Amino acid sequence: MKYLYSWKKITTALSFILFSPMVFAEQATLIPDESKPLTISIFLLLFGLTVFISFYAGRKNKSVKDFYTAGGTLTPGKNGLAIAGDYLSAAAFLGVSGLIAIYGLDGMTYVVGFFISFIPILLLVAEPCRNLGKYTMGDILSYRNSFRVTKISTASSSILVSLFYMVPQIVGGAVIINALVGVQFEVSVVAVGFSMLLYVMFGGMHATTAIQVLKAVLLIGFCFLMVVLSWIPFGFNIGEFFASVLRSPEIQNHVLYKLLSGSSDIDTLEAGRKFMEPGLFLKNPVEQASLGLALILGTAAMPHILMRFFTVPTAESARKSALYAMAAIGFCHLLIIVIGFSAAINVGPGAILSVDKGGNLAAPMLAQYLGGGADSFFGNLMLAFIASVAFATIVAVVAGLTLAAASSLAHDIYVGGIKRGNVTEKQQGNAARIATIAIAAVAIVAGIAAKGQNVAHLVGLGYAVAASANFPALIMTLYWKRCSTAGVVAAVIGGTLLSIMMVLISPNMTYPLQVKNAAHKNMISLEEEILILENKGDKQDLIKIEEDFALAKQVYDSIPEDATSIIGLTKPLISLRNPGIITIPVGFALVIIFSLLIPSSFSRSMWPELVFRRETGHQNL
Amino acid sequence: MNKNNSEKIINHPEFIKITREKKRVSFGLLGIVLVLFLAIPVVTGLMPELFKIHLFGGVNLGFSYILFQYVIGGLVAIVYSKKFSKFDVRSKMLMNELIEKESLEN
C-alpha cells in the first residue's frame with residue numbers, strides 16, 4: 001500500500017505540473033482563454049479517472065500472465081471493446097473526419113479500409129493465434145520454427161512496427177492538443193508518454209484494457225451525440241442531410257476554387273456533386289490499392305492487435321471478440337462519416353482549413369458549433385470534452401502499443417532470445433517493467449525529436465512492414481506445411497528492410513533541393529504579387545506578402561546547393577508512396593523461396609502438432 | 001502432447017474434411033472481400049463515371065458502394081461465425097469419438 005500511496009503522490013504532483021499554466025504556449029487556440037479552466041478541469045477529471053482505473057485494475061496483477069494478457073480471463077465483449085479502443089486512433093477520429101470535411105467521398109474511401117482490415121483478423125488470425133500463442137507473435141512463429149532466431153527477428157520487427165505506429169500517434173496527438181488548448185508540444189509528448197507508462201507499468205493488460213474500454217465508450221458515445229445533434233435540424237431525414245451537402249454554397253465554392261483551383265467550368269450544383277464523387281483527394285488508383293492492401297493485411301499482423309487475442313480463454317471467445325470489435329469499429333466509422341459531412345455543412349471546409357491545413361480540427365470545431373458556438377458555455381463544454389476524448393484516444397492507443405513492444409522486448413528478446421527461457425517469474429516481471437520504461441523513454445525522446453518533422457508516413461511504413469514481413473511469416477507458419485525457419489526469418493528481415501528502403505527512396509522523404517526549388521518558385525510569384533500591391537498602394541496586404549517572401553527566402557537561403565535527402569538523394573527514385581503492392585508479394589515470395597531452398601526437419605516435424613493445436617486449442621490429449 | 005496422437009488425429013478423414021472446409025470458408029470469404037474492396041481503386045481509376053451515377057438525393061453509386069463495404073463486412077462476419085460454430089460442434093464430436101474409442105496412446 002505504501003508503494004501505491006507514494007506513486008499516487010508522484011502522479012498527483014506530476015499531473016499538476018503537466019497541467020499548470022506554465023506549460024501553455026502563448027498562441028491562439030481553438031479553445032478561448034476564458035474556457036481553458038473548464039477544459040483543464042475536464043482533462044484532470046478524465047486523467048484522475050484513468051489513474052484510478054489503472055490502479056484499481058492493476059490490483060488484479062498477480063503474475064506475468066496477468067501483466068501481459070490479463071490472465072487470459074477477459075470476456076469477449078470487454079476484449080472486443082478494448083480492441084476497438086486500441087484500434088480507433090486519433091488519426092481515425094480526427095484525421096478521417098477532417099478528410100471527409102475537406103475532400104468528401106475520398107475521405108470515406110480512406111476510412112473503409114480500416115474496417116475491412118478486420119476481416120483477415122477474423123478469418124485467418126484470431127482463433128489460431130489464441131490457440132497457439134502465449135503472449136506475443138514470436139510465441140506463434142517459434143512454435144514450429146527455431147526458437148531463438150525466430151524470437152529475436154520477429155520481436156525486432158514487432159518493436160519497429162510498434163514504434164513506427166506509436167511516434168506519429170504521439171506527435172500528432174501533441175500537435176492537436178497544442179492547437180486545441182495551447183499546451184506546449186514537448187509537454188504534450190511527455191504527458192502522453194508519462195500517462196501510458198503509468199497505465200502499462202502499474203496496471204499491465206488489466207489497466208490497459210480498462211483504459212481502452214473507457215476510451216471506446218467515450219469516443220463512440222460522444223460521436224453518437226454529435227450525430228444526433230447534427231441530424232436534429234434535418235428532422236433525422238438522412239436523405240435531406242446528404243442532399244444539403246450538394247446545396248451548401250461553402251462546399252460548392254471550396255470545390256470550385258480550392259480543390260479545382262478555378263480551372264473547371266462546371267456550375268455550382270455540379271461542384272457540390274463533385275464533393276460526393278471520387279478523385280478530389282485520392283488521385284492515383286495504384287497508390288490507393290497499395291495503401292489498401294497494406295492496411296488490410298498489415299492490421300492482421302500488428303503486434304498490439306494480435307496480443308489482444310491472448311487475453312481471452314478460448315478460440316470461440318477470440319472469434320466473438322473480433323466480431324464485437326468489428327461491430328464497435330464499424331458503428332464508430334459510420335458516425336465519423338456523418339461527423340465529417342456535418343462539419344463540411346455546418347462549419348465549412350474553408351473555416352476548417354484556416355485553423356489547420358490537415359483538417360484535423362474539423363470534429364472539435366463541429367462540436368463547438370453544435371454546442372452553440374464559440375461564445376457559448378455549451379459550445380466550449382463540448383469542445384473541452386472532445387479535447388479530453390482526443391487525449392484519452394491517443395493515450396489508449398499508445399498504451400496498447402507500448403505493452404506490445406515491451407512484451408516483444410522482454411518476453412521474446414530477453415527471456416526467449418538471451419536467457420533461452422531460463423528465468424524465474426520474478427525476473428520475467430522485472431524484465432517486463434524495465435522494457436516498458438525503455439519503450440516509453442524511446443517513444444518520448446523520438447516524439448520530441450520529431451517536432452516539426454513530417455512523421456505521418458511512418459504510420460504507412462508501420463503497416464507496410466507488418467503486411468510485408470510479419471503477415472507472410474505468420475500466415476505461412478500457420479497454413480503452409482513446408483514453411484521453414486529460413487523462410488520465416490527471410491520474410492521478416494527481407495520484408496522489413498525492403499519496406500524501409502522503398503520508403504527511403506520514395507516521395508515521402510524530404511528532398512532539400514525540391515524544397516529549395518519550391519521556395520524559389522514561391523519567391524517569384526510573391527515578388528509579382530508585391531509589385532501589384534505596391535502599384536495598388538495596399539499596405540496591409542503588402543506587409544503580409546513581404547513577410548511570406550522573407551520566410552520563403554529564409555528557406556531558400558538555408559538550403560545549400562548540394563543538399564540531399566537522409567540517404568543522399570536529390571530526388572525520389574520511385575513515385576510510389578505506399579510500397580505494399582510490391583513488398584507484400586516479395587514477403588510471401590521470400591517465405592516460399594527460402595523454405596524450399598533451406599527446409600527444416602524441425603519445422604516439418606512440428607506441423608502435425610501445430611495443426612492439431614491450431615484447430616482445437618488443446619495442448620494435451 | 002504425444003506426437004503419434006496428433007498425427008493420428010490430423011490424418012483422420014473427418015478431421016481432414018473439417019480443416020479443408022474451414023480453409024475453404026476462410027480463404028473464400030477473404031477472396032470475396034478483397035475483390036470487392038479492391039474494386040474501389042479499380043473503378044475510380046478505370047471507370048470513374050460508374051461511381052458518379054446518381055441514385056437519390058445527395059447519394060450516388062460510389063457513396064453507396066463504399067457504405068456497402070460495411071454491409072459486406074457484417075455479412076462475412078455472420079457467415080463465418082455461423083459456419084465455424086458448426087465446425088466447433090463437429091470437431092468436438094470427433095474428439096469425443098476418438099477419446100471414447102481409446103485409440104489414442106497415453
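Biologist: In this predicted model, is Phe275(A) buried or exposed?

Modeller: The relative accessible area of Phe275(A) is 0%. A residue counts as buried under 20%, so Phe275(A) is buried.

Biologist: Which class of aromatic pair do Phe275(A) and Phe341(A) form?

Modeller: Phe275(A) lies in the loop between α13 and α14 of chain A, and Phe341(A) lies in helix α16, 66 residues apart. Their ring centres are 6.2 Å apart, with the planes at 80°. Planes over 60 degrees apart fall in one class, so the pair is edge-to-face.

Biologist: Which residue of chain B belongs to the aromatic cluster that contains Phe275(A) and Phe341(A)?

Modeller: The cluster includes Trp231(A), Phe234(A), Phe241(A) and Phe242(A) from chain A. Chain B contributes Phe63(B).

Biologist: What area is buried between chain A and chain B?

Modeller: In the interface, 51 residues of chain A are in contact with 46 residues of chain B. Carbon and sulfur atoms give 76% of the buried area. That area is about 4400 Å².

Biologist: Which residue of chain A meets Lys22(B) in a salt bridge?

Modeller: The count of salt bridges between chain A and chain B is 2. In one of them, the N to O distance is 2.8 Å, and the partner of Lys22(B) is Glu615(A).

How values were computed
Residues numbered from 1 in each chain as written. Chains lettered and ligands numbered in written order. Predicted model: local features only at pLDDT ≥ 70, side-chain atom pairs only at ≥ 80, totals over all residues. Heavy atoms only, no water. Contact = heavy atoms within 4.5 Å. Buried area = accessible area lost by both parts, 1.4 Å probe. Salt bridge = Lys/Arg side-chain N within 4 Å of Asp/Glu carboxyl O. Phe/Tyr/Trp six-rings, centres within 6.5 Å; stacked < 30°, edge-to-face > 60°. Helix = DSSP H or I, 4+ residues; strand = E, 2+ residues; numbered from the N terminus. Buried < 20%, exposed > 50% of the residue type's maximum accessible area, 1.4 Å probe, protein only.
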